[in-house]
Amino acid sequence: MTVSDPSPQILSVNSNQDHILTITSQQNGTLLSHSLSLDVSKYQLKGHFPSTEASSKGSSLSPLGMAAPSMKERQACWGARDEYWKCLDENTEDASQCKKLRSSFESSCPQQWIKYFDKRRDYLKFKEKFEAGQFQPSKTPAKS
């Protein structure tokens, strides 16, 4: 008498250009194949860079969805960030003049990088004010 394993063993997970996810598994010696159609418009891919080939076709999905940025993509991100920061420095009173550059920055960089760069800029501006003696701590006691 043999005891069969009731849980399926996943053999492979594949996706194609039409966003069909196919999962092949085995349970009790029987091969099972499941296909799922994914509506990717409902999901925000974080840390995603569009591939050059996909961009030319009007799609923003790379084959793997979470591909590491190439050197060219990293440089484009840093350049967009630098242009945006320069605009913010030049327009300290009216940041709305930098909306197009912000949009370019957001489309050139992964979401996590944008979040990091925004926090980094806030920190650097605080540090600049603090070192220049321009920082004024709030008069209200901190709440814990």
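A salt bridge is counted where a side-chain nitrogen of Lys or Arg lies within 4 Å of a carboxyl oxygen of Asp or Glu. The model is predicted: local features need pLDDT of at least 70, side-chain atom pairs count only at pLDDT 80 or more, and totals for chains, interfaces and linings use all residues. Residues are numbered from 1 along each chain as its sequence is written, and side-chain values use heavy atoms, leaving out hydrogens and water.

**Exercise 1.** Determine which residue forms a salt bridge with arginine 102, and where the two lie.

*Solution.* Step 1: the partner is glutamate 106, with the closest N and O atoms 2.8 Å apart. Step 2: both residues belong to helix α3, 4 residues apart, about one turn of the helix; helices are DSSP runs of H or I with at least four residues, numbered from the N terminus. Step 3: arginine 102 counts as buried at 19% relative accessibility, whereas glutamate 106, at 41%, is partly exposed. Buried means under 20% relative accessible area, exposed over 50%, and partly exposed in between (1.4 Å probe, protein chains only).

**Exercise 2.** Describe helix α4 and the placement of its buried residues.

*Solution.* Step 1: α4 covers residues 111-131, and its 21 residues reach 30 Å from first C-alpha to last, close to the 30 Å expected at 1.5 Å a residue. The expected span is 1.5 Å times one less than the number of residues. Step 2: Ile114, Phe117 and Arg121 are buried in α4. Seen down the axis, the buried residues fall within an arc of 60°, so they line one face of the helix; the arc is taken over the directions from the helix axis to the C-beta atoms. Step 3: these buried residues pack against α2 (71-90) and α3 (99-108), contact meaning heavy atoms within 4.5 Å. Step 4: the face turned away from the buried side carries the exposed residues Lys119, Asp122, Phe130 and Glu131.
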